[in-house]
Every structure is written in C-alpha cells, then in structure tokens.
Amino acid sequence: MKIWQPDEFRLAPRLDETTPVEPPQARNALLINPFYAKDPHASFGKHVLTPSLALTSIAAATPNDWEVTYWDENLLLGPPPIDPFPQVVGITVHLTFAARAYELARFYRDHGAKVVMGGLHVMSCPDEVAPHGDCIVIGDGVQVWGKILEDVTNNRLEQIYRGDYRKPYREDPPPRRELLLKKSYLTTTSLIATRGCHSRCDFCYLSTKGVQMPYQVRNVEQVVAEFESDDQPYGVFTDNNLGSRKEYLRELCKALRPIEKIWSAAVSVDVTDDPSLVREMALAGCTGVFVGFESLQNENIVDSRKRSPKTDDYARRVKIFHDHGIQVNGSFVLGFDHDDASVFATTVDWIEQNRLECATLHILTPYPGTPLFSQMKSDGRLLHTDWSKYDTAHVVFQPNRMSVDELAEGYQWCYEKLFSHTSIWRRRPRDARSILPYLAMAYLYKRSNRVWHQLIRHQLTAAAWRPLIHLTRRRHVRFRKRLENESTSRSPRNIVSAGV
Ligand code: B12
Ligand code: SF4
C-alpha cells in the first residue's frame, strides 16, 4: 500500500546559498535541532508532542550578555534564520539526522560562524563528527557551554570539550522553555527529573562505549517548580526511566499532587511490583505511561540483558495501570534473534487483547558504540552504516529468523493494523464514560496525518490539541478525588486519555 508522505516530512528545508549575509553578530548564538525524515507509517503528531530538552538546557547555561535563539527545523517553518547572522551556532546531532547537521554546519561555517556540535551521536562517533564543526562536545553540554562562548570571544576555541556527567544534576539551571514556540507543540513542558538508568540493556544508547552517566536525580521541589512555572496543563517526562528508583518516584508523586496537573512518563514495567506506587502516580496526575516491553519472548529479553519481569506477567501488570486510570503506550522492538515472522501477529494480538491504548513499534536497531552494534558488526550482519536509516523504521541488519523484507513489511503491517478502525475500537477502554475521549485522542493521533501536516505548517498544534488536554485535566482532577476515596482494592477503571 502506498503511504502518503509530503516532501516537507521527507526532505530538509533548502539552505539559501545565494542571499548575502551580514558579518556575524558578536555575542549572538543560534541553537538548532536539525530536520529528520518522518516515518509515514507512524503518527506525524509524535514529532510535535514535546521538544527535546537538549538545547533549552544548553540555552540555560548561556551567559546573560549573549543573545540566544532556538530553531527546530521539524516545525516546518523553513531553514534556520540568518539575520542577524550568529557568531556561534550550536547543533544537536543524533545519528538519524547527522547528515543534515553536517550540512547546516558547513553552511554556517562558510559564512563565518563558529559551529559547536554536541549530542548523542558525538558521544558515540566523535571522530566522525569532529571534522564538521569548529569544536565538538562529548557528554554534558551544560557544563562546558559557558566556557566555549568565552573561548570564542577570546579567540582560543579548542577542538574538543568534555562535559562530565558526574557533576550533581540538581545544580543545573532549569531549561529555558520560554525560547520555544508554544503554539507549535502539544506541550512545551518537557520535564526531566532523573538522568541515567539502573539497567544497561545491550541495545540502549546508555550502553554506548565510553558513556558514563551515573544515575542522578533533581530535587523534587525543582521539578515541581519547573512544571508550575511553564503554565501548561500537561507535562511529559523525558527521563529514560522515571521509575528507575522507586522511592524517588514515590517522593516525586507526593510533591506533584498539589499542583493538579497531568503528565506522562516512560517507566519500566516493574513499577507495578507495588500497585500502591501506581496509585501514587495516578493521584499525582499521571495519565499515561510509555513502557518498554520490548518483546513478548523471554529469550529476547534475556539476550539483551534487560532486567524485566517474565513476559507472561505483562498482561497482569498492564491491568494494574488500567485499574488506576493510566493509559499504556507499549514500546515493542521487532527483529530480535528469537523472532520469526509470527512475531508481528503475536504482538498485535497481544496489544489488542490487553487493550493498550497506544503502541510504538521499533525495528531492532544497533546504535553505534553499543554491545549490540559490536556483535552485529563482528558477525558481519550490518547491511550498511547509512545512519539516516538507523531510525528504527528501517532494517539495517540481517535478521536471524526472517528475511530483511519480511521484517520491513511486518513492521509496516503492524502499524497498518494498529491504526485501523477495527483495532482502535477493539482497544477502547472498558469504562463506557471513557470511550469518547479515547476515540477523539486515538483518531487525532493515529489517523490524521494529513491534518497534522496542516496543523504543524500553520502552527496550530496547540490550538487543536490543547482544548482536549484542558478537558482531560479537569476530568482527571475529578477522577483523582474519587480514587482518593476508594480503597486500593476497588479502584475505578476510568482511563483518562491525554497525549498519546
Ligand atoms: C524528547 C525525545 C524525542 C522527541 C523530540 C526529538 C527531537 N530530536 O526533537 C520525539 C518524541 C519527537 C522523539 C522522536 C524520536 N526519537 Co527520541 N527521544 C526523546 C528523549 C525521550 C528525550 C530527549 C531529551 O530531552 N534528553 C535530555 C537532554 C538534556 O539530553 P541530551 O539530548 O542527551 O542532551 C545533552 C547532551 O547530549 C549534550 N548536547 C546535546 N545536544 C547538544 C548540542 C550542543 C551544541 C552542545 C554543546 C551539547 C549538546 O548536552 C545536553 C545536556 O546534557 C530521548 C531519551 C532521553 N532521555 O534522552 C529519546 C531518544 C533521543 N529518541 C530516540 C529515538 C530512537 C527516536 C526516534 C527515532 C524513535 C522513532 N522511531 O520514532 C524518533 C525520531 C527522532 C529522531 N530521528 O531523532 C533515541 C535515540 C537513540 C540514538 N542512539 O540516537 C533516544 C535516546 C531514546 C532511546 N532510549 O533510545 N524523541
Ligand atoms: S531500561 Fe530502558 S533506559 Fe534503562 S537501559 Fe534499558 S532500554 Fe535503556
């Protein structure tokens, strides 16, 4: 089936080489989140759900006498600005958009700016990135950004700066969210409370060779203050795993309760070990969790060294979330070595049986620097190193028990199934009162890519989506009051859909 994908979601905006530019303006910095191609099988809405915190965190470390601008190329507003022409350009580099980052770097360097490259791809492939910028930052940019700007001013820029992740996280300034275009995201309240994770799964970027990111937390009061000050009803925690330390999550939930906002977060499924913690999450405003189930086959989980409960216990655990009104977005990886072509139907059936409101599918992707990548490389199974295809929507390795085409087509088939009317209906909440808001959210997210195109282009994302979120928050506050008065054994099954 031919899937609709407009050029703006496929191709980066053209850089205008012909317009003459003014000389760089001193103490002016531009921070760019580069364009990446969007998978047309999934929702385009995902990309305007909430921004990455990388550059707003860097912006917060900018000295007061510098002017700083933020530009996200994925908002379909064209190429980044050239007037005034910045003295320094900071670019975040992930492997999927490395090529675009290099193009931007060349453009700004050609016109006299100093280009600083940081981000995940710099951590895993510093030698590849280095020639493209005036300097690279390996690790935490917040620690070194001020020094870099000072060195630019004094004309003594070094080639490599290293940001150490061991500095107490609570000492970082709050990200500068006011630089973001509020109209263009569902919410600008991307939050982060913890860094690192207690696990080290073989396929995760946290297992990248040389990345030392000890587990750290911010004070719960800091997190609550940031949430409150952004003046939005809904926040998205971008932590790798907000439930990595359960006592911390409990403390955070207690602190979030009084502000009566709603939020979602990625957590590992073991937060359900103690249902009273899930209850605390619900009482604190949690409406949705993103859970990395990864696979329904235990052998795959064991091979990837993921610490996880047995997969036949997943269903019971999903029910614990649902019993507390929390919707579940399950993340599944397809193409592990024990997967054969039956994995697609099995996964979709399970998602439907357990009424997961949303599911995110990924083709197994060996990120450079991880144990998975080394293994695949030494086994001669990598098909290529075109990083733009390492986006979990393309097959970049030789699968063990199926062909490359079977895996690619199976992945697409899963999305087609899960986005179908039948599947959306099968997964409706059991509580009749929750069906309408669920359907509104499901149809907007899963079946409206043409609408997303217009909403994003015309900066109407917030206008279209936020009324639903306000409504959800109000429903949730009422829901919490009821939950508070219920005994833990008789919780109401009222899913309150928000976000995805
Ligand atoms: C928010 C988010 C998104 C958002 C926004 C993405 C965007 N690029 O705009 C959305 C939902 C759209 C998204 C989509 C996807 N994402 Co995403 N996303 C995240 C998430 C949850 C948070 C990012 C964040 O805010 N981190 C906190 C900041 C502070 O940390 P940081 O980015 O590392 O930045 C620090 C340093 O790297 C450095 N730094 C970074 N940039 C710069 C720049 C300069 C100039 C300097 C000096 C320093 C510097 O300093 C920063 C401060 O310490 C991360 C997981 C995570 N917790 O990081 C995944 C993550 C980045 N996403 C990932 C993936 C795979 C995707 C998708 C491909 C998934 C998919 N199939 O749809 C898509 C496509 C996006 C793409 N092609 O990049 C992977 C990337 C893996 C990898 N090795 O590249 C991650 C790590 C998740 C994971 N655990 O696997 N994502
Ligand atoms: S549990 Fe999640 S965040 Fe932690 S190492 Fe595994 S994949 Fe990465």
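The structure is a predicted model, in which local features need pLDDT of at least 70 and side-chain atom pairs count only at pLDDT 80 or more, while totals for chains, interfaces and linings use all residues. Residues are numbered from 1 along each chain as its sequence is written, and chains are lettered from A and ligands numbered from 1 in the order in which they are written.

The C-alpha trace of the protein chain spans about 65 × 50 × 45 Å along its principal axes. Of the 500 residues, 47% are buried; a residue is buried if 20 or more other C-beta atoms, placed from the backbone, lie within 10 Å of its own, exposed if 12 or fewer do, and partly exposed in between. Among contacts with a separation of 6 or more, 78% involve residues 24 or more positions apart, a contact being two residues whose C-beta atoms, placed from the backbone, lie within 7 Å. The protein chain has 17 helices and 14 strands; these are DSSP runs numbered from the N terminus, with helices being H or I of at least four residues and strands E of at least two.

Strand β1 (residues 25-33) runs parallel to β3, to which five bridges join it; Q25 stands opposite P86 in β3. Strand β1 is also joined by six bridges to β2 (residues 67-72), again in parallel, and I32 has W71 in β2 as its bridge partner. Strands pair if DSSP finds at least two bridges between them. Elsewhere, Y234 belongs to strand β10 (residues 234-237) and counts as buried because it has 27 C-beta neighbours inside 10 Å. Y234 and V223 are eleven residues apart in sequence, and their C-alpha atoms are 14 Å apart in space.

The protein chain is divided into domain 1 (7-169) and domain 2 (181-485), with bounds that come from an automatic or database domain assignment. The C-alpha centres of the two domains lie 27 Å apart. Their contact takes 26 residues from domain 1 and 38 residues from domain 2. On the side of domain 1 that touches domain 2, the elements giving two or more residues are α2 (98-110) and α3 (120-124), and α3 gives the most, with three residues. By class, this side of domain 1 has 18 nonpolar, six polar and two charged residues. Ala, Val, Leu, Ile, Met, Phe, Trp, Tyr, Cys and Pro count as nonpolar, Asp, Glu, Lys and Arg as charged, and the others, Gly among them, as polar.

Ligand 1 lies between the domains, because domain 1 and domain 2 both give residues to its shell. Of the 39 residues around ligand 1, L53, G90, T92, G118 and G141 come nearest; a residue is near a molecule or strand if its C-beta atom, placed from the backbone, lies within 6 Å of it. Elements giving two or more residues to the shell around ligand 1 are α1 (54-60), β3 (86-92) and β4 (114-118). By class, the shell around ligand 1 has 19 nonpolar, 16 polar and four charged residues. The residues around ligand 2 include C197, C201, C204, R200 and K306, and by class its shell has four nonpolar, five polar and two charged residues.
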